[in-house]
Amino acid sequence: MKVLLAHTPQMRRDYYGERSLAGLRAVADVKLHEGESALDAAALVQAAGDVDIIVADRMTPAAGEIFPLLARLRAVVRCAVDIRNIDVAAASSAGVLVTQASAGFVQSVAELGLGFMVDLSRGVSRATADYHGGRMPDVVMGRQLAGSTIGIIGYGAIGRYLAGIAKVLGMQVLVADPFATIDDAAIRHLPLDDLLARADYVVCLAIANEQTENLIGQAALARMQKHAFFINLSRGNLVDEAALAAALRDNRIAGAAMDVGRAPDQMPSPELAQLPNVIATPHVGGLTPQAIEHQSAETVRQVAKIVAGEIPVGAVNADRWTRRPGS
C-alpha cells in the first residue's frame, strides 16, 4: 500500500524524524512531499492521486473537495491531536477513515508553561535582552511561585499535569472547567469568572471549538487582577487579541506569555508578541524529541493497522470507513 507523507522537509525533520520514517517505510511504500510549502487542496490532490493513505502534519488541510477527487484514498492519518482542518464529514461521506494522534506533549507543554511563569515573574527575557543590547537592566522586584495562585482554564491532561507541578511548588491551584470532575481536595474548582478574579497566573489550556472562541476577551481580562499574568498554551482563537493587546498596553494586567496565536501555523501574532510586557515562543510547546516521536510513531502503528484492514486506535469515524482494505 502506498502512503504520502505530506510534511515538508523541515516539518519532516522537526516533527516526524528518521526513526518514524523508517518505521513507516517498513509497513508501506512511502512517497515524500519535497516542496518547501505545505500542500493546499489542489496540490494535495495532485500529490495524493496514486496513494492509499495520507499522513499529514498540522499544516496540511484536508478540505472536503479533495475526497471525491481521490478515488484510491482509504485514510487520512493526522500526526497531531488537532483535526479541525480535516473535513471529517466529507471524508466520512466518501468512506475515508480519519485518525488523530494522542497527546504525547503533555509534559513538554506543561514545562514550557512553568518556564513562562518564572520568566514573567522574574524578568528573565527582559534582562537578557537588555544585556544583549549593551544596556544595564532595571533591577525589579520579582515574585516567587510558592505562595502564588495559579488558575488553570481547562482540566485536561496538560492541566492535570501542570496542577501537580504547581502543588509541589507550593502554589494554590484553581481550576475552571465545566466538564471536569475534580476529587483532589487541594484544588479548588471554580467558575471561570471567580478564577480570573483570584489567580496570579491565568493559564489557558481549554480546548479550541466554537464554544471557546474568544473565551478570553475584554470582559474576562477586566476581571483579572492588575498584577496578574495571562499565559496561552492552547490555541490563538480562544483569545480576543485586540482586547488582550489593549489590556497589555494599558497595563490593566501585568503581562502575558504565549506559544500560540492567530498567525499562520497557530503561531503568536507578531503584533502581540512585540509588546514589551509579552514573552512569546513560535508554537514550540510540543517540540521535544519525546513529544514528537510519540505522535509520529503512533502514525506508524495506525498505518500498519490500516494496511491490515483493521481499525486503529485514534480513528474518529470508523463506522463510516467503507474504503477499508478487503471490503
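The legends below describe close-up views of a predicted model.

**View 1. Helix α5 and the residue that follows.** Helix α5 spans residues 106–122, and its 17 residues reach 25 Å from the first C-alpha to the last, close to the 24 Å expected at 1.5 Å a residue. Its buried residues are V106, S108, V109, A110, L112, G113, F116, M117, D119, L120 and S121. Just after α5, G123 adopts a positive phi of about 65°.

**View 2. A nonpolar patch on the surface.** Y131, M136 and V139 together form this patch, which has about 410 Å² of accessible area. V139 is placed in the loop between α6 (124–132) and β6 (149–153), and this residue counts as exposed because its relative accessibility is 80%, where exposed means over 50%.

**View 3. The salt bridge between D52 and R74.** In the structure as a whole, 16 salt bridges are found, and in the one shown here the closest N and O atoms of D52 and R74 are 3.7 Å apart. D52 lies in the loop between α3 (41–47) and β3 (53–56), while R74 lies in the loop between β3 and β4 (75–78), so the pair ties together parts that are 22 residues apart in sequence. D52 counts as buried at 6% relative accessibility, whereas R74, at 24%, counts as partly exposed.

**View 4. The salt bridge between R262 and E213.** The side chains of these two residues, R262 and E213, meet with an N to O distance of 3.3 Å. The pair links distant parts of the chain, 49 residues apart, with R262 in the loop between β11 (255–258) and α11 (270–273) and E213 in the loop between β9 (201–204) and α9 (218–223). R262 is partly exposed at 40% relative accessibility, and E213 is also partly exposed, with a relative accessible area of 36%.

**View 5. The largest cavity.** A search of the whole structure finds 1 cavity of 30 Å³ or more, and the largest cavity holds about 50 Å³ of space. Its lining consists of F230, N232, G236, V239, E241, L244, M258, V260, G261 and L272, and the elements that give two or more residues to this lining are β10 (229–232) and α10 (241–249).

**View 6. The largest pocket.** This pocket has a volume of about 1,200 Å³ and is lined by 47 residues, of which A206, I207, A208, S234 and R235 lie nearest its centre. The elements that give two or more residues to the lining of the largest pocket are α1 (9–15), α7 (157–168) and α12 (289–307).

Methods: Residues numbered from 1 in each chain as written. Predicted model: local features only at pLDDT ≥ 70, side-chain atom pairs only at ≥ 80, totals over all residues. Heavy atoms only, no water. Patch = residues over 30% accessible without salt bridge, like charges linked within 9 Å, V, L, I, M, F, W, Y side chains within 5 Å. Areas by Shrake-Rupley, 256 points an atom, 1.4 Å probe, with all protein chains shown as cover. Salt bridge = Lys/Arg side-chain N within 4 Å of Asp/Glu carboxyl O. Helix = DSSP H or I, 4+ residues; strand = E, 2+ residues; numbered from the N terminus. Buried < 20%, exposed > 50% of the residue type's maximum accessible area, 1.4 Å probe, protein only. Expected span 1.5 Å × (residues − 1). 1 Å grid on protein atoms, 1.4 Å probe; cavity = no way out; pocket = protein on both sides within 12 Å on 5 of 7 lines; lining within 4 Å. Points joined across faces, edges and corners; volume = space filled by probe spheres on them.
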